[in-house]
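Me: I have this structure open and would like to talk it through with you. Could we begin with what holds the inside together?

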Amino acid sequence: IGQEFDVLIGGSNSAPAGVAAKWKLGCYTFVEKDGLRVAAIHAHGALADWNKHHPDRAIKEGDLIVEVDGDLRVEVTGVRGDGNKIKDEIYKGMRPTKLTIRAGKGHTN
């Protein structure tokens, strides 16, 4: 619990070869002061695709999206903290996007 890890959605490593990467998150979230809480993950969408192909770094219900970086250049920092700002950044447009996830209670097993 509390450890952070990065995932990439909408990019070439978020879906198998020959399959277009999904961009929509495919989950219910709610805004918190420190990020965007993942409440439920649907069977289809970017998070489900990520989890299918990266079970060692699966996003789980209760995890907190603490940062989003749609630029991906090293010299440009992402949006961190405020859940409303993170949500706005995620939905700016379809592009490869890095999410930093803080593991929730689902990662205790």
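Me: Which residues have the most contacts inside the largest nonpolar core?

Reply: The largest nonpolar core has 18 residues, and those with the most contacts inside it are I59, I65, I90 and L99. A nonpolar core here is a set of buried Ala, Val, Leu, Ile, Met, Phe, Trp, Tyr and Cys residues joined through side-chain atoms within 4.5 Å, and buried means under 20% relative accessible area with a 1.4 Å probe, protein chains only. The elements that give two or more residues to this core are β1, β3, α1, β4 (64-69), α2 (83-90) and β6, where helices (H or I, at least four residues) and strands (E, at least two) are DSSP runs numbered from the N terminus.

Me: Before I go on, what kind of model is this?

Reply: This is a predicted model, in which local features need pLDDT of at least 70 and side-chain atom pairs count only at pLDDT 80 or more, while totals for chains, interfaces and linings use all residues. Residues are numbered from 1 along each chain as its sequence is written, and side-chain values use heavy atoms, with hydrogens and water left out.

Me: Back to L99, then. Where does it lie, and why does it count as buried?

Reply: L99 lies in strand β6, and it counts as buried because its relative accessibility is 0%.

Me: And what does L99 touch?

Reply: Leaving out residues up to four places away in sequence, L99 touches F5, D6, V7, I9, L25, L47, I65, E67, V68 and I90, a contact being heavy atoms within 4.5 Å.

Me: How many bridges join β1 to β6?

Reply: Six bridges join β1 to β6 (residues 97-102), and the two strands run antiparallel; strands pair if DSSP finds at least two bridges between them. The bridge partner of F5 in β6 is I101.

Me: Switching to α1, how many of its residues are buried?

Reply: Six of the eight residues of α1 (residues 46-53) are buried, namely A46, L47, A48, D49, W50 and N51. Their cover includes β1, β2 (27-32), β3 (35-41) and β6.

Me: Last one, what pattern does the whole chain follow?

Reply: Read along the sequence, the protein chain follows β-β-β-α-β-β-α-β, which comes to two helices and six strands. Of its 109 residues, 39% count as buried.

How values were computed. Buried means under 20% relative accessible area, exposed over 50%, partly exposed in between (1.4 Å probe, protein chains only).
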